Amino acid sequence: MIRDALLIAGKDLRLELRSRVALNQVLPFALLVLVLFAFALDPDKSVLTQATPGLYWIAVLFSALLALQRSFAIEATDGNRDALRLSGLDPAGIFLGKVMAVSAQLLVLEALLGVGVAVLYTSRIEGWILLAVTSVVATASIAAAGTLYGVLAAGLRVRETLLPLLLLPVLAPVLIGSTRAFEAALNGSPSEGWPWVGLMSIFASLYVVAGIFGFGPLLEES
Amino acid sequence: MEQTRPALSPVPVVHLRGAVALLGRFPALAGVDLDIEARRIVLLRGANGAGKTTLLRTLAGLVPVAGGEAVVLGVDLVADPRAVRHRVGLLGHATGLYDELTVGDNVRFWARAAGADPADVERALTRLGLDGRLRTVAVGRLSAGQRRRTSLACLIARRPELWLLDEPHAGLDQEGRDLVDTLVREAVAAGATVVLSSHELDRSLQLADSVITVAGGVVRPDPSPAPGANDGDAR
């Protein structure tokens, strides 16, 4: 399973390096969202500062939707889904590989967005360990749930519009938890953020386990 | 060139009895009876929409068998269609290639997915004439024939026991078509079994041991045996 996951992750990341969709489209989109929020809230600087964690994670979520749709779009062309089914790869390995590839892309995106937030919102960043752990756990949750719902929507004609409808409600707890943890880190009280990280870890574990067992049947049905 | 694991089992490679496959509610296969013994080349012929592609995809374990018996390479497709997939190679209308990856990357990925050796990848690329400059070209920039050759390289690198070829000559030039025929004969000599569908009957009839006709989702033996036929293993 791990061998298969590494094979899929390597293939997806190589595809991204060659196509640069995340770099040329997803990252500019995320930065644009941040800039628009800054324009919209600029008259009241205090509101902007208070809302920074939530705005950051909303930008990440929107960007994740694009990355996830791209992850399944590459399998939807020219019989690639059938080729994957014939390959003999463990479906759980395919799931984990896609989660790893999407997570890697999102973590890079989050780091660059963090710089954007610091510049645009002039936020003072503290609690680095809490911020880093929150990012890793929230990213794993988003990638796991998104990959599971991505394969569910992949076989449908309305997949581009269906995926956000399915995914965003499921990720609401992750959005709340990551926002609260970031608020705690930025306010200099990281001890208040760790319980939220623990809660998100439970969600991440649930999504990963559901994906390991559910991805194969969903791949067959899609 | 050793391309397959030898098939030594005396039981038929393909055994279908009253096999039914549904596409939605439509019975694309409506009670197929078919036996194919090892190391044979069987040609499927029939009009468009007769069920040839569905039959090939069913044999690959991609279309669920809704009724009857279906055993391929000793695997019961009714019980576990996934179990046979890594042992068959399906060349369909779609290439199954990633446009942004190079020819070499694509062949290496699908070969590694099947557990093939790096040497198998090199042999496949060389055999299909893809070991030169083309190896580093992105698949999206290839011609249709070159993409077809890349798909064939992916297939032979996996060394399947059962080759399922849907219009394998389509999109290829004369040299490419001759190469397909040579690869098929080499695969059979190495122990594989080949089922192909083709509208290029002149060429395919020379290649096949047996011919079966698919019409309306059922299979019947062809009254005129193929020129290459010896003892009619497909019934």
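Predicted model: local features only at pLDDT ≥ 70, side-chain atom pairs only at ≥ 80, totals over all residues.
On the side of chain A, Leu7(A), Asp78(A) and Leu86(A) lose the most area to chain B. Together they make up 29% of what that side buries. In terms of contacts, 26 residues of chain A meet 24 residues of chain B.

Polar interactions also cross the interface. Ten residue pairs are in polar contact, both residues being at pLDDT 80 or more. Five salt bridges are counted between the chains. Arg57(B) forms a salt bridge with Asp82(A), with the closest N and O atoms 2.5 Å apart. Helices H1, H3, H4 and H9 (194-221) of chain A each supply at least two residues of the side that touches chain B. H1(A) gives the largest share of that side, with eight residues.

Helix H1(A) spans residues 2-19. Its 18 residues reach 25 Å from first to last C-alpha, close to the expected 26 Å. Its buried residues include Leu7(A), Ile8(A) and Leu15(A), as well as Asp4(A), Lys11(A) and Glu16(A). The buried residues of H1(A) pack against H2, H3, H4 and H5 of chain A, and against H3 (103-113) of chain B. Arg20(A) follows the helix, with a positive phi near 55°.

In chain B, four strands form an open antiparallel sheet in the order S2-S1-S4-S5. Strands S2 (26-36) and S5 (75-76) are the edges, each pairing on one side only. Six bridges join S1 (14-23) to S4 (65-72) of chain B. Val20(B) has Gly67(B) as its bridge partner in S4(B).

Definitions and conventions:
Residues numbered from 1 in each chain as written. Chains lettered and ligands numbered in written order. Heavy atoms only, no water. Pairing = 2+ DSSP bridges. Expected span 1.5 Å × (residues − 1). Buried < 20%, exposed > 50% of the residue type's maximum accessible area, 1.4 Å probe, protein only. Contact = heavy atoms within 4.5 Å. Buried area = accessible area lost by both parts, 1.4 Å probe. Salt bridge = Lys/Arg side-chain N within 4 Å of Asp/Glu carboxyl O. Polar contact = N/O pair within 3.5 Å; in protein donor to acceptor, adjacent residues only side chain to side chain.
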